[in-house]
Amino acid sequence: MEPESPPPSSSSSSSTSQAEQQQQQRRQICGHCERPKPVCLCHVIPTTPIITSTHILIVHHPLESQHKLNTARLLSKTLHHVTTHLSRKLLRSHLTHTHQSPSSTTIYLFPPSPGSPAVGLSEFKQSLNSDVRNLRLVVFDGTWKHAKEMVKASQGVLEGFGAIRVCLDLDVDENSRGETIYNDELLLRKEPFKGCVTTFEAVARCLRVVEPDNGEEIERILIGILREMVKLQAAFLKPVKPRPKLLKISKQNQFKTS
């Protein structure tokens with residue numbers, strides 16, 4: 001007969017129990033902000049969603065919706081006029097099934113590219129020569145690769161509604177390594193190259209410019225939520241290392257300029 005294994009010691013059983021409890025706590029999801037309870041953001045999310053003059057339509061890539069650091073879902077918790085569609089492209093029905101007037105100005109937020117220029121937000125607002133009221137903002141939420149594919153697949157619908165391509169007043173450079181949202185403050189998710197920001201931050205920066213009454217205050221609240229998310233999440237995740245390919249490009253650029 002084989003000798004029986006000795007029963008586990010009380011200390012090992014206690015440590016196992018504590019580990020299981022910690023794991024269960026991590027899995028508990030807040031019913032309001034839909035984030036794990038250890039990184040719940042309800043204490044910084046406004047009790048009543050902020051009402052904006054701008055109506056925001058988010059085209060949410062199915063794969064991005066599964067990412068634990070995705071920020072788009074927080075927008076619907078913070079802002080009142082936000083509609084999210086899980087899709088790989090913008091559909092005509094996404095724009096027609098809204099409460100806005102058919103004459104509403106539609107803009108979509110995306111950086112310029114060769115052959116596809118974009119108007120800076122400040123320039124766009126000046127061109128209207130009046131307060132921006134009843135504006136519809138389309139945002140494509142996904143990785144940089146997916147977002148480009150989504151915009152390309154949506155061109156027919158965007159053109160059909162006369163949508164204007166606008167961009168943040170930032171420099172975009174695909175040959176430069178991406179910074180974090182707050183440089184050394186954000187250690188969680190690198191942007192692919194210079195000029196890219198998260199969907200949450202992009203909407204915050206955009207509303208600062210286009211909201212006719214309280215754009216700066218809305219931006220302050222949104223960026224405050226993003227900072228708090230970064231602060232809480234940083235305690236649980238390891239920093240993301242820069243992509244080797246982008247580092248190589250960065251080093252090559254430094255060599256050329258030296």
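1. Rings of Phe, Tyr and Trp (its six-membered ring) pair if their centres lie within 6.5 Å; planes under 30 degrees apart count as stacked, over 60 as edge-to-face and the rest as tilted. By this rule the structure holds two aromatic pairs. This is a predicted model, in which local features need pLDDT of at least 70 and side-chain atom pairs count only at pLDDT 80 or more, while totals for chains, interfaces and linings use all residues. Residues are numbered from 1 along each chain as its sequence is written, and side-chain values use heavy atoms, with hydrogens and water left out.

2. Helices (H or I, at least four residues) and strands (E, at least two) are DSSP runs, numbered from the N terminus. Because Y108 belongs to strand 3 (residues 106–109) and F140 to strand 5 (residues 136–141), the pair ties together parts that are 32 residues apart in sequence. Buried means under 20% relative accessible area, exposed over 50%, and partly exposed in between (1.4 Å probe, protein chains only). Y108 counts as buried at 6% relative accessibility, and F140 counts as buried at 6% as well.

3. F110 and W144 form an aromatic pair that is stacked, with 5.2 Å from centre to centre and 5 degrees between the planes. F110 lies in the loop between strand 3 and strand 4 (119–120), and W144 lies in helix 5 (residues 144–153), so this pair ties together parts that are 34 residues apart in sequence. Both F110 and W144 are buried.

4. Which residues of helix 5 are buried? They are W144, H146, A147, M150 and V151. Seen down the axis of helix 5, these buried residues fall within an arc of 160 degrees, so they line one face of the helix; the arc is that of the directions from the helix axis to the C-beta atoms. K145 and K152, on the other side of helix 5, are exposed.

5. Strand 3 is covered on both faces: T106 and Y108 are buried on one side, I107 and L109 on the other. Two strands pair if DSSP finds at least two bridges between them. Strand 3 and strand 5 run parallel and are joined by four bridges, with T106 opposite R136 in strand 5. Strand 3 also runs parallel to strand 6 (residues 164–167), and three bridges join the two. Here L109 stands opposite V166 in strand 6.

6. A salt bridge is a side-chain nitrogen of Lys or Arg within 4 Å of a carboxyl oxygen of Asp or Glu. How many salt bridges does the structure hold? It holds seven. One of them joins the side chains of E34 and K77 (3.0 Å, N to O). This pair links distant parts of the chain, as E34 is in the loop between helix 1 (10–27) and strand 1 (55–60), and K77 is in helix 2 (residues 72–78), 43 residues apart. E34 counts as partly exposed, at 45% relative accessibility.

7. E219 and R205 also meet in a salt bridge through their side chains (2.8 Å, N to O). E219 lies in helix 8 (residues 215–233) and R205 in helix 7 (residues 199–210), so the pair ties together parts that are 14 residues apart in sequence. E219 is buried, with a relative accessible area of 9%, whereas R205 counts as partly exposed at 27%.

8. The side chains of R220 and E217 form a salt bridge too (2.6 Å, N to O). R220 and E217 are three residues apart in helix 8, and are therefore separated by about one helical turn. R220 is exposed, with a relative accessible area of 52%, and E217 is partly exposed, at 37%. Salt bridges that share partners join E201, R205, R208, E216 and E219 into one network.

9. A nonpolar core is a set of buried Ala, Val, Leu, Ile, Met, Phe, Trp, Tyr and Cys residues joined through side-chain atoms within 4.5 Å. The largest such core has 38 residues, and those with the most contacts inside it are I56, L79, L109, L121, L207 and L222. Elements that each supply at least two residues of this core include strand 1, strand 3 and helix 8. Helix 7 gives the largest share, eight residues. A second, separate core of 15 residues includes L95, W144, L158 and A163.
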